[in-house]
Amino acid sequence: MSLHLYDTSTRAVREFVPVEPGRVSMYLCGATVQAPPHIGHIRSGVNFDVLRRWLTRQGYDVTLCRNVTDLDDKIIRVAAEEGVPWFVVAERNQRAFGWAYDQLGCLPPTVEPRAMGHVPEMVELMRRLIDKGHAYAAGGDVYFDVVSYAERYGKLSNQRLENMRAAGDTDTDSLKRDPRDFALWKGAKPGEPTWPTPWGRGRPGWHLECSAMATKYLGETFDIHGGGVDLIFPHHENEIAQSQAAGDGFARYWLHNGLLKLGGEKMSKSLGNSLLIPEMLRKVRAVELRYYLVAAHYRSEIDYSEEALQEAAAGYRRIEGFVTRAAEVIHDVDADAPLPQAFVDAMDDDLNVSQALAVIHEVVREGNVALAQGNKEQVARLLAETQNMLDVIGLDPRSEQWRVSGDSGMREVVDALIAVALEQRQAARARRDYAAADAIREQLAAAGVVVEDTPKGPRWELAR
């Protein structure tokens, strides 16, 4: 079957047909950089990285635009608390997000626009909306008139306008025609950065930013808009309203990943339950954390636990163990080997990575049997299938990402040090000094390195 994706706007799984044959345009709501990222933030980036990889594997030329919201109320508030300019907060946390995406193996986006570099496009969008009667200026602010778009407003989030509460996005609601109107532009306030517009100096509202950036880089109509399920309302609802009211087709498919919670609560800095990426990488390797984040279906909710994290890490190490052992026997892997049909079907079924991983584990089990039987031809085929499937999900342990960086950037150093210790152990065994050899093995075990003697020599792995 062809690729089918769950579209939030229709609340149905739809066949994916791009606007332009052979090309896919995708916009992902990226970071609002008021704080460093926790795993809840990064889940979205990892999930949509898998989608991008699968589309690329299917032969599409993918353009991924992942924005950075580098100015909003939260950033201004943090900057005021720290007594630093807003751009200091934004730049510091933008770098933290970029580092986290890299650590978790996310491919760089085609373009990563920052909101504050696109104010002219935002001003033009507001002008179009005002000219069409869907927005109005009031006291230095500019608001979107939701009543003017009442027939379609609320369809993404499956709400009716008469049941919606006030937008609550400004402290100047008295200027609005309707309390549900949302701010496109916020008039200048002391101590805040401002830009000039025909309606007065000020700064953009959050929703306006994404509409302007998405259409600038992907066109008036593009294929996929993604983000967390918490963005459906009001952010994505408002994006659709202002973009389509201005005359743009905007996104044809809306995809949303589920939240990652802790103790049933959404992760947030205010709750003090954020699990920041550096902290997580002290618990497991980055590739194991990526496995944990993709193992559940992207639309499902994850309730974080240490036990589940360690189970995921162990699951990945079983796959890694087969790949490592098989690669000692098979030196040339067929990168063009076909993917198992069950894997393809799982990925085409709304990106069902959990089922795709089940296929990988089944192939790994067959591969371990083939290794035990010494069937090199079978091992070669199963290793190629395994690595090609892992490459789609960004988990191939022999890929450049994980082989060279070793997650923390120290793998090459660790490899070299352990190699020296194993050479000393082998030398001790060669001279029949078994006490010294055993002592080296015990010292490595105490440091968390498990050594296994094989017909081809010692093999080691980190204990968990």
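**View 1. The bridge between A137 and V142 in a predicted model.** In this predicted model, A137 has V142 of β6 as its bridge partner, and β5 and strand β6 (residues 141–144) pair in the antiparallel sense over 4 bridges. Helices (H or I, at least four residues) and strands (E, at least two) are DSSP runs, numbered from the N terminus, and two strands pair if DSSP finds at least two bridges between them. Residues are numbered from 1 along each chain as its sequence is written, local features need pLDDT of at least 70, side-chain atom pairs count only at pLDDT 80 or more, and totals for chains, interfaces and linings use all residues. Side-chain values use heavy atoms, with hydrogens and water left out.

View 2. The order β5-β6-β7-β8 describes an open sheet of 4 strands with antiparallel pairing, in which β5 (135–138) and β8 (202–204) are the edge strands, each pairing on one side only. From one strand to the next, the twist averages 20 degrees; axes are lines fitted to C-alpha atoms, for helices over the stretch in contact, and angles run from 0 to 180 degrees between N-to-C directions. Helix α4 (residues 119–131) lies across β5, β6, β7 (182–187) and β8, and runs at about 120 degrees to β7.

View 3. Another open sheet has 4 strands in the order β4-β3-β9-β10, and its pairing is parallel. Because β4 (61–66) and β10 (250–257) stand at the edges with a single partner strand each, one side of each is left without a neighbour in the sheet. The twist of this sheet averages 25 degrees from one strand to the next. Strand β3 (residues 23–28) pairs with β4 in the parallel sense over 6 bridges, and the bridge partner of M26 is L64 in β4. Helix α1 (residues 39–57) packs on the sheet, touching (contact means heavy atoms within 4.5 Å) β3, β4, β9 (221–228) and β10, and its direction makes about 180 degrees with that of β3. Helix α6 (residues 232–245) also packs on the sheet, touching β9 and β10, with its direction at about 175 degrees to that of β10.

**View 4. Helix α3 and the residue that follows.** The buried residues of α3 (under 20% relative accessible area, with a 1.4 Å probe and protein chains only) are V89, A90, N93, Q94, F97, A100, Y101 and Q103. α3 is followed by G105, whose phi is positive, near 80 degrees.

Note on methods:
Buried means under 20% relative accessible area, exposed over 50%, partly exposed in between (1.4 Å probe, protein chains only).
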